[in-house]
Amino acid sequence: MENSPRQSLLPSFLYSPSSSSFFTNSKTLSAAAPETTNVLPSSNKSFLVPAPNEPGKIEMYSPQFYAACTFGGILSCGLTHMAVTPLDLVKCNMQIDPAKYKSISSGFGVLLKEQGARGFFRGWVPTLLGYSAQGACKFGFYEFFKKYYSDLAGAENAAKYKTLIYLAGSASAEVIADVALCPFEAVKVRVQTQPGFARGLSDGLPKFVRSEGPLGLYKGLVPLWGRQIPYTMMKFASFETIVELIYKHAVPKPKNECSKPMQLGISFAGGYIAGVFCAIVSHPADNLVSFLNNAKGATVGDVSISRLYCLLDHFFLFLSIFLNVLKSLIHHLTPLFVSDKKLFPQAVQKMGVVGLFTRGLPLRIVMIGTLTGAQWGIYDAFKVFVGLPTTGGVAPAAPADSEVAKV
């Protein structure tokens, strides 16, 4: 018994058979570690037996786990959003002044001619700080709320209604994340769409507060929620589902047998596909955010909260009937807005209903698809770096009764 490997005492599904090096390394470790002949307690009714503790590894759902996820979110969102600042700059200006910024290529040309190459990264500081704060709250609180709601539902219901857990956890996290993002987003849009307003955050923030007041920094919070909550619900729920489907149907071996580079590649692919859905579902509210933060004195009332909530209600349905809902939404809302011009909210009247859904959309699909794929790649790469598993994938199946009996 003493000469046999320790792993032979436990069923194989509790350990990753990803490579034979694990067993080779275990022999080296066993020389330094004292031998143990502890018998598993009979009172443990769970078939999951904890693996031996590994020094330096982070325990799942511990304070260190949530801190790691929070820091991973900072890197994931802050760095990626800063990297696509030129695309975001063109997108915002296309939304605000489509006559001047007619297309992606012409938009870059106008910016290069008027502001030079340095103009492509105007507003990068509020972008970096704002989305770093948002990423910290988004990923950190998502992991927290996902665990919290799963515990409330119980193991059986959490597995049965896992998509609802993803949706509820991501929505709860985004509500908090947007409060952190909103002031930076307001300054960013003003700096990017009004040349001469300010050079960046250091002079733009005081100037914005003097002009709009402290509460003016949060005047775009409701439409920001309207943009980001559907976006984040789609981002997390679709990513978790897509990655699970990839491992289940497209990869010929279990996740724990895939190499780490392959797992990270799947994370990027799943994130990119999820990002395309995210861009479409959140685009109308993105147009409203750009309009509000660009127009001095504009308020949330100018975009009609009741209509915004109506849009959000349809956005949630988008999760299951994507293209059909979008088509019917435009069809049914058009008579509402054109029946009486007095009812036109200022933003919708200026953009038109079709423009609300389509203005700047192709560029945003490219930007958000790449952005979301990179975010999941960076986030999971950091989790792997600190010894945590990548996000998503097929959960291990419960063992047969005969296998448990052997333990």
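These questions and answers walk through a predicted model of a protein.

Student: How many helices and how many strands are in the protein?
Tutor: Start with the size of the chain: the protein has 407 residues. Its secondary structure counts come to 16 helices and zero strands.

Student: Of the contacts with a separation of 6 or more, what percentage comes from residues 24 or more positions apart?
Tutor: Take the contacts in the protein with a separation of 6 or more. The share from residues 24 or more positions apart is 78%.

Student: Is Gln 134 buried or exposed?
Tutor: Gln 134 sits in helix α5, residues 124–153. Its relative accessible area is 0%. Buried means under 20%. Therefore Gln 134 is buried.

Student: Which side chain makes a polar contact with the side chain of Gln 134?
Tutor: Set aside neighbours within four places in sequence, and Gln 134 is in contact with Glu 174, Ala 177, Asp 178, Leu 181 and Gln 228. A polar contact with the side chain of Gln 134, at 3.1 Å, is made by the side chain of Glu 174.

Student: Which element gives the largest share of the nonpolar patch?
Tutor: The patch lies on the surface and is formed by Phe 141, Phe 144, Tyr 148, Leu 152, Val 175 and Ile 176. Together they have about 510 Å² of accessible area. At least two residues each come from α5 and α7 (162–193). The largest share, four residues, comes from α5.

Student: Why does Val 175 count as partly exposed?
Tutor: Val 175 is in helix α7 and belongs to the nonpolar patch. Partly exposed lies between the buried limit of 20% and the exposed limit of 50%. Val 175 is partly exposed because its relative accessible area is 34%.

Student: Which element gives the largest share of the largest nonpolar core?
Tutor: This core has 30 residues, and Phe 139, Tyr 247, Val 251, Ile 266 and Trp 376 touch the most other members. Two or more residues come from each of α2 (63–83), α5, α7, α9 (221–250), α10 (260–294) and α15 (361–385). The largest share, nine residues, comes from α9.

Key
Residues are numbered from 1 along each chain as its sequence is written. This is a predicted model: local features need pLDDT of at least 70, side-chain atom pairs count only at pLDDT 80 or more; totals for chains, interfaces and linings use all residues. Side-chain values use heavy atoms; hydrogens and water are left out. Buried means under 20% relative accessible area, exposed over 50%, partly exposed in between (1.4 Å probe, protein chains only). A polar contact is a pair of N or O atoms within 3.5 Å; within protein, one must be able to donate a hydrogen and the other to accept it, and residues adjacent in sequence count only if both atoms are side-chain atoms. Contact means heavy atoms within 4.5 Å. Patches are made of residues with over 30% relative accessible area and no salt bridge: like charges are joined within 9 Å, nonpolar side chains (Val, Leu, Ile, Met, Phe, Trp, Tyr) within 5 Å. Accessible areas come from the Shrake-Rupley method with a 1.4 Å probe; for residues, only the protein chains shown count as cover. A salt bridge is a side-chain nitrogen of Lys or Arg within 4 Å of a carboxyl oxygen of Asp or Glu. A nonpolar core is a set of buried Ala, Val, Leu, Ile, Met, Phe, Trp, Tyr and Cys residues joined through side-chain atoms within 4.5 Å.
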